[in-house]
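Reader: I'm new to this one. Can you walk me through it?

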There are 2 protein chains.
Amino acid sequence: MSQLDAKQWFTEVSDRDGSAFSLRITDHLETRQSQWQTTAMYDTTDWGKLMVIDGCTMVSSRDNFLYHEMMSHPALYTHSDPKVVVIIGGGDCGTLREVLKHPGVEQAVQIDIDENVTRLSEIYFPELCESNDDPRAQLKFIDGIQWMKDRDSASVDIIIVDSTDPVGPAEGLFNCAFYQECLRALRPGGILVQQSESPLLHIKLIQEMRSEMAKAGFDAFQTLPFPQPLYPSGWWSCTLARKGDSFGDFRRDAADAQSFETLYYNSGIHQGAMALPNFMKKALG
Amino acid sequence: MSQLDAKQWFTEVSDRDGSAFSLRITDHLETRQSQWQTTAMYDTTDWGKLMVIDGCTMVSSRDNFLYHEMMSHPALYTHSDPKVVVIIGGGDCGTLREVLKHPGVEQAVQIDIDENVTRLSEIYFPELCESNDDPRAQLKFIDGIQWMKDRDSASVDIIIVDSTDPVGPAEGLFNCAFYQECLRALRPGGILVQQSESPLLHIKLIQEMRSEMAKAGFDAFQTLPFPQPLYPSGWWSCTLARKGDSFGDFRRDAADAQSFETLYYNSGIHQGAMALPNFMKKALG
């Protein structure tokens with residue numbers, strides 16, 4: 001039983017899960033405080049740069065590709081022709097970068113309440129911000145819940161909710177009222193995709209999320225698991241909900257003919273994520 | 001940055017990876033020391049019982065099904081008719097239990113050098129030991145490397161190397177000399193499957209393992225990733241090597257008609273694991 005020196009390790013304790021995860025750090029680079037949250041940056045020995053929000057490990061240089069690719073490409077290759085994509089949260093800009101890899105996307109709006117996250121990402125994760133100047137990108141630093149209320153009906157193809165855990169500023173992104181506004185803003189066939197925590201540890205949260213989405217009027221659901229070392233259990237998921245359509249196959253030919261590079265995603269990975277483990281099938285019906 | 005109280009948390013520091021993983025414990029149940037290693041048992045708040053060998057978290061009640069199912073069923077459903085299965089290591093008996101779920105298996109021999117592991121598992125993981133009295137099971141507590149040398153040629157269908165990391169007592173299980181003995185002991189079409197660490201953190205180890213297996217004379221290789229929260233990065237893998245045959249499809253119809261229960265494994269999961277992430281395809285050629 002080792003005692004970790006707090007000067008050499010950053011530790012996130014996940015109290016609800018009875019687990020903790022630590023990365024070995026070499027430097028505390030910077031901390032910025034907003035009215036919503038505290039964002040800290042560290043350098044690590046083996047994981048590149050590390051972003052921490054309110055004590056939770058959010059992004060590392062080494063493993064963020066898993067999360068960002070799975071939050072974007074499955075939804076974009078499931079929709080028949082996504083032109084307008086909205087990202088709620090996602091201030092590190094990694095999801096925005098993946099979305100803009102799709103040449104068919106005409107507009108991608110990122111709405112993160114806390115500008116600090118983006119400014120720190122620009123400094124420490126420049127690779128995640130390489131599409132911020134794309135003429136199709138809009139970066140807004142306002143309340144995503146209010147923005148969604150104000151958005152025209154049937155004007156969006158895909159909404160990606162790339163938020164922190166459902167406590168604090170992100171709490172309002174996990175309930176029926178917010179999902180109703182998303183549904184209204186989506187065009188027919190549109191897709192809402194949201195990070196939905198750990199399949200092993202938080203299956204009840206996934207059940208509740210899908211139940212709230214159903215209450216809001218979404219017609220079909222799909223939960224896709226993927227590895228994500230930085231988050232509790234190292235196994236994470238996103239949940240897709242669809243307006244007025246089911247989830248059948250995705251645009252496999254387009255994924256196979258993909259003109260851009262991905263480190264994790266490909267059509268086989270997408271297909272594989274659609275095959276749920278037996279315990280998840282049972283829990284999600 | 002939280003400081004973990006060593007009385008309330010068990011922490012495994014993975015020095016080579018710059019990461020650490022902790023589980024919250026309620027009790028230290030027992031520690032047994034053999035000439036090879038130290039095995040300790042803990043009770044946890046959220047993960048059931050925990051087995052630790054030489055400071056490394058090995059098995060928890062909550063997540064071991066992922067590892068044990070993926071170390072066994074893919075290999076058994078890939079082989080056309082596995083009758084004789086040998087497990088090197090695997091003293092917790094969880095892999096043995098999965099193997100014996102297959103009605104076609106006539107003999108399953110588990111060879112772990114350290115009897116303590118099995119005796120502790122019988123006490124604290126009785127569910128993993130429920131097939132130990134199966135008449136098809138043989139439990140031996142001897143050196144697996146020597147046993148393999150003594151085994152008749154072409155007498156085994158599947159060899160599962162379910163060992164600790166490639167340091168200490170398990171070091172000799174990760175090299176060409178051992179793989180040559182495995183190849184000799186296997187019948188044509190036989191499969192060797194070995195835990196092969198983290199796809200994200202240890203891709204070089206996977207490359208070296210496959211290279212040693214090729215040097216030993218194996219003809220085809222397949223690496224299957226799967227989630228495993230207790231091990232560094234929460235993402236693990238097994239690597240299969242085949243004698244005198246390639247890896248094509250597996251016995252999907254048999255997997256779909258499976259007469260026994262699994263929590264993680266099904267034919268879709270198997271197929272999904274065969275679809276490697278792009279970075280692994282590139283690294284493994």
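Author: Here is a short tour, starting with the annotated sites. Keep in mind that this is a predicted model.

Reader: Which residue does UniProt mark as "active site"?

Author: The UniProt annotation, from an unreviewed entry, covers A:Asp162.

Reader: Where does A:Asp162 lie?

Author: A:Asp162 is part of strand β9 of chain A, residues 156-162.

Reader: Buried or exposed? And why is A:Asp162 put in that class?

Author: A:Asp162 counts as buried because its relative accessibility is 7%, and buried means under 20%.

Reader: What is A:Asp162 in contact with, leaving aside neighbours within four places in sequence?

Author: The contacts are A:Tyr67, A:His68, A:Met71, A:Ile87, A:Ile88, A:Gly89, A:Gly90 and A:Thr95.

Reader: Which residues does UniProt list for "binding site"?

Author: The unreviewed entry lists A:His68, A:Asp92, A:Asp162, A:Ser163, A:Thr164 and A:Asp165.

Reader: Tell me about A:Ser163. Where is it found?

Author: A:Ser163 sits in the loop between β9 and α5 (176-185) of chain A. At 12% relative accessibility, A:Ser163 counts as buried. Not counting residues up to four places away in sequence, A:Ser163 touches A:Tyr67, A:Ile88, A:Ala170, A:Leu173, A:Phe174 and A:Gln195.

Reader: And what is the place of A:Asp165?

Author: A:Asp165 is in the loop between β9 and α5 of chain A. Beyond residues up to four places away in sequence, A:Asp165 touches A:Arg16, A:Ala170, A:Phe174, A:Gln195, A:Glu197 and A:Trp236.

Reader: New topic, the two chains. How many residues are in contact between chain B and chain A?

Author: 49 residues of chain B are in contact with 49 residues of chain A. The area buried between these chains is about 4,100 Å². Carbon and sulfur atoms give 58% of that area.

Reader: How many salt bridges between chain B and chain A?

Author: The count is 2. One of them joins the side chains of A:Arg24 and B:Asp15, at 3.0 Å from N to O. For polar contacts between the chains, the count is 20 residue pairs.

Reader: Which elements of chain B supply the side that touches chain A?

Author: β1 (9-14), β2 (19-33), α1 (64-78), α8 (267-274) and α9 (278-284) of chain B each supply at least two residues. β2(B) gives the most, with 7 residues. By class, that side of chain B has 27 nonpolar, 14 polar and 8 charged residues.

Reader: Back to salt bridges. How many does the structure hold over all chains?

Author: The total over all chains is 36. Among them is A:Arg119 with A:Glu122, whose closest N and O atoms are 2.9 Å apart.

Reader: Where do A:Arg119 and A:Glu122 lie?

Author: Both are in helix α3 of chain A, residues 115-124. They are 3 residues apart, about one turn of the helix. A:Arg119 counts as partly exposed because its relative accessibility is 28%. A:Glu122 is partly exposed too, at 33%.

Reader: What about B:Arg119?

Author: B:Arg119 forms a salt bridge with B:Glu122, with 2.9 Å between the closest N and O atoms. Both lie in helix α3 of chain B.

Technical notes
Residues are numbered from 1 along each chain as its sequence is written. Chains are lettered from A and ligands numbered from 1 in the order in which they are written. This is a predicted model: local features need pLDDT of at least 70, side-chain atom pairs count only at pLDDT 80 or more; totals for chains, interfaces and linings use all residues. Side-chain values use heavy atoms; hydrogens and water are left out. UniProt positions are given in the numbering used here, feature names are shortened, and annotations may be inferred rather than shown by experiment. Helices (H or I, at least four residues) and strands (E, at least two) are DSSP runs, numbered from the N terminus. Buried means under 20% relative accessible area, exposed over 50%, partly exposed in between (1.4 Å probe, protein chains only). Contact means heavy atoms within 4.5 Å. Buried area is the accessible area (1.4 Å probe) that two parts lose on being put together, summed over both. A salt bridge is a side-chain nitrogen of Lys or Arg within 4 Å of a carboxyl oxygen of Asp or Glu. A polar contact is a pair of N or O atoms within 3.5 Å; within protein, one must be able to donate a hydrogen and the other to accept it, and residues adjacent in sequence count only if both atoms are side-chain atoms. Ala, Val, Leu, Ile, Met, Phe, Trp, Tyr, Cys and Pro count as nonpolar, Asp, Glu, Lys and Arg as charged, and the others, Gly among them, as polar.
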